[in-house]
Amino acid sequence: MLKKTLIAASVTAALLSSAANAAVEVNWWHAMGGTNTERVNKIAADFNASQSEYKINAVYKGNYTETMTAAIAAFRAKKQPHIVQVFEVGTATMMAAKGAVYPIEQVMNDSGVKLDKSGYLPAVISYYQTPEGELLSMPFNSSTPVLWYNRDAFKKAGVEGAPKTWNDVASTAKKLVDSGMKCGIAVGWQSWGLIENYSAWNNIPLGTKQNGYAGIDTELTFNNKNVTNNLQKLADMQKDGSFTYGGRRGESLAMFTNGECGMWINSSAYYGSIKGQAKFDYAQAMMPFDSNVTDAPQNSIIGGATLWTLKGHKADSYKGVAKFMEYLSSAEVQAWWHQETGYVPITTAAYELSKKQGFYDKNPGTDTAITQLSLNTPTENSRGIRFGNFVQIRDIINAEMEQIWDGSKTAEKAMDDAVAQSNKLLRKFEKANK
Amino acid sequence: MHKRVHYNTSYLPYLLVAPQIIITLLFFIWPAVQALYQSFLLEDAFGLSTEFVWFDNFIDLYHSEQYLGSFARTAFFSVAVAGLSMGMALFFAALADRVIKGSHTYRTLLIIPYAVAPVLAGTLWLFLFNPTLGIVTYFLDAVGIDWNHKLNSSQAMTLVIIAAAWKQVSYNFLFFIAAMHSIPKSLIEASAIDGAGPVHRFLTIIFPLISPTTFFLLVVNIIYAFFDTFGIIHAITAGGPGNSTEILVYKVFNDGFVGLDLGGSAAQSVVLMFIVIVLTVVQFKYVERKVEY
């Protein structure tokens, strides 16, 4: 008797609670730490307030690698979130997981939500499209490397304007050092800036098979004369401090902001940090191109992350995903996100809106990244890269580059070694993802 | 009269050891078997396609320059950590053994680092040696040493060795001092009467007599350096710069959890498992029989 009452009570309670939470829950795991956590939470809260059918739960899961690993582990345990934020080097891994990933274009189509791909910046979405043009994941936070420079130091050294080519960079760096600076130029995320984007910007391939877009039987080919000559030139520039190595990630930021280095190549998303730290007049300009390779730059490729949808949930929750993506890419949300964070707006409408709001007039140079990304229609060499095991490959490239900087290898030897080791990992990836 | 506890059934002893057996099976044997099985598989990160590849993962390891490099690095690292921490501990124990006043305080202070978690120990040393803020870096700069373990691989290695050794000194100290206490006082006194000084007594009486402990500690320290230093390395260098501080256990983590190469990572942990088995066998075989001297 008592048992029956208890069951009845719990059933009623369950019914009541499901009636109270009629909204379909959609879980979103992201990797945006610090103040960006609040911004992500705001986006989720605003979306939830805008309608009552769906509820987005934004959960911070640690840095990019941790978030991706957590999502994969959760998938294996059948507890995956609907949406997970994955950084660009994880793209090939996600793409290859056909049984796990629900391409965003399909999500939108299946839910009857319109996806206007022409409204997105080509350089941003082409990174995440199949060769047939299907969009796999929704771009969220994207940036690209730009050239940051110290205007005060330039003035003191008598340099007019930002250097346009790598030859200009060398002569400018020399002048900066001659004027008493400790270092001419430093570079953050060196593989991304000096190899991946160097190749795209100068419109040369990084690997075969359209940089991996056309198949996983791809091979890396960045051990070419163009790349190695440029790296060797930088290595030689170390003698007088014209170039100084400052670490694999963004550590060299301090070298730029404390006035040690007059130029710095790294992500446009450092805008906020530089604004807060630099006590001099700074500016950003487009990355230098290599005049030995091309007459004009192509377009740069992005870094950052996109939102992937994982399979295995009920159909109605995917409608929530589609609605949320629509909201997320609306011009208002995108323009706000772009102006707050320094990431690139993903749609032309958001760019136009920021322009109209006068953001670029008030903050000159903040449109450098977007100009650079949309300078030309992306080619096979410049729409992005798609190589498996790329997290480890970047490690290999970094280790080999460090051997160039410490003089234990020539650029040619280091890049040959990096390519040989990386191709082994690509073969392994191919074997694992047949 | 005597009281005799009598059990009719024979399941009680099994019941009593069951918790231990279950824990061992659940947390040691099962994962080990899983790792062994995984090491024969080639699998994508999501576990969607799985292929049994026999020893391919091991063959890949054998041909991987990075892995072999990591092996050599780990050997150097563990010998350096064991040597440094045991050397320091022996020195402290020899001194503390002779202290009469306040010996308790000395011992307590020397044991404290053992209570510090590896990650905290790492962070502590990281602060001391921080290239821009560190106090030690400041003094090093004053004597003309440009310290930057983020870029300089030998400095990075030095730093993780110091941090790992520091944390293990307490443990070694405890064992050394216990071993020294178990030496019969009469032996020491006899040699003192014969005119042997403290250093001479240490070298000819104490050191040989504690050699079983020394050997035991050597094995334990090598195992410590192989496995328990993960937190320290993760906090201080994360394996860099280059791969200069990526020891085997860190590579297992990096390839498995960062690179998502599960088969390769599992194969590496199987290799590590065999190393531990060998070390344990060596320890049981020789330590139990006592070292000859």
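## Conventions and charges

Lys and Arg are counted as positive and Asp and Glu as negative, with His and the chain ends left out; each charge is placed at NZ of Lys, CZ of Arg, CG of Asp or CD of Glu. On this basis chain A carries 44 positive and 41 negative side chains, and the centres of the two sets are 7 Å apart. In chain B, the mean positions of the 14 positive and 17 negative charges are separated by 21 Å.

The model is predicted: local features need pLDDT of at least 70 and side-chain atom pairs count only at pLDDT 80 or more, while totals for chains, interfaces and linings use all residues. Residues are numbered from 1 along each chain as its sequence is written, chains are lettered from A and ligands numbered from 1 in the order in which they are written, and side-chain values use heavy atoms, with hydrogens and water left out.

## Chain A: overall form

Chain A contains 20 helices and nine strands, where helices (H or I, at least four residues) and strands (E, at least two) are DSSP runs numbered from the N terminus. The radius of gyration of chain A is 24 Å, close to the 22 Å that the globule rule gives for 434 residues, so chain A is as compact as a globular protein of that length. This radius is taken over C-alpha atoms, and the globule rule is 2.2 Å times the number of residues to the power 0.38. Along the principal axes, the C-alpha atoms of chain A fill a box of roughly 90 × 50 × 40 Å.

Of the 434 residues in chain A, 59% are buried; buried means under 20% relative accessible area, exposed over 50%, and partly exposed in between (1.4 Å probe, protein chains only). Contacts are defined by heavy atoms within 4.5 Å. Among contacts in chain A with a separation of 6 or more, 77% involve residues 24 or more positions apart. The accessible surface of chain A is about 17400 Å², with 53% belonging to carbon and sulfur atoms; such areas come from the Shrake-Rupley method with a 1.4 Å probe, and for residues only the protein chains shown count as cover.

## Chain B: overall form

The secondary structure of chain B consists of 13 helices and two strands. Its radius of gyration is 24 Å, whereas a compact globule of 293 residues would have a value near 19 Å. The C-alpha atoms of chain B fill a box of roughly 80 × 75 × 30 Å along the principal axes.

Buried residues account for 42% of the 293 residues of chain B. Of the contacts in chain B between residues at least 6 apart in sequence, 67% join residues at least 24 apart. Chain B exposes about 16700 Å², and carbon and sulfur atoms supply 71% of that area.

## The interface

The contact between the chains draws 31 residues from chain A and 28 residues from chain B. About 2300 Å² is buried between chain A and chain B, of which carbon and sulfur atoms give 58%. In chain A, Arg76(A), Gln392(A) and Lys428(A) lose the most area to chain B, together 25% of what that side buries. Buried area here is the accessible area (1.4 Å probe) that two parts lose on being put together, summed over both.

## Selected buried sites in chain A

Ser268(A) occupies the loop between β7 (261-267) and α13 (271-277) of chain A. With 3% relative accessibility, Ser268(A) counts as buried. Leaving aside residues up to four places away in sequence, Ser268(A) touches Ser143(A), Thr144(A), Val146(A), Trp148(A), Gln284(A), Gly342(A) and Ala369(A).

Val40(A) belongs to helix α2 (residues 35-50) of chain A and, at 0% relative accessibility, counts as buried. Beyond residues up to four places away in sequence, Val40(A) touches Trp28(A), His30(A), Met32(A), Ala58(A), Phe140(A) and Trp337(A).

Gly158(A) lies in the loop between α7 (151-157) and α8 (166-178) of chain A and is exposed, with a relative accessible area of 53%. Gly158(A) and Asn223(A) are 65 residues apart along the chain, and their C-alpha atoms are separated by 36 Å.

Lys209(A) has a positive phi of about 55° although it is not a glycine. Lys209(A) is placed in helix α10 (residues 208-211) of chain A and is partly exposed, with a relative accessible area of 38%. Trp54(B), likewise not a glycine, has a positive phi of about 55°. Trp54(B) sits in the loop between β2 (50-52) and α2 (56-63) of chain B and is exposed, with a relative accessible area of 56%.
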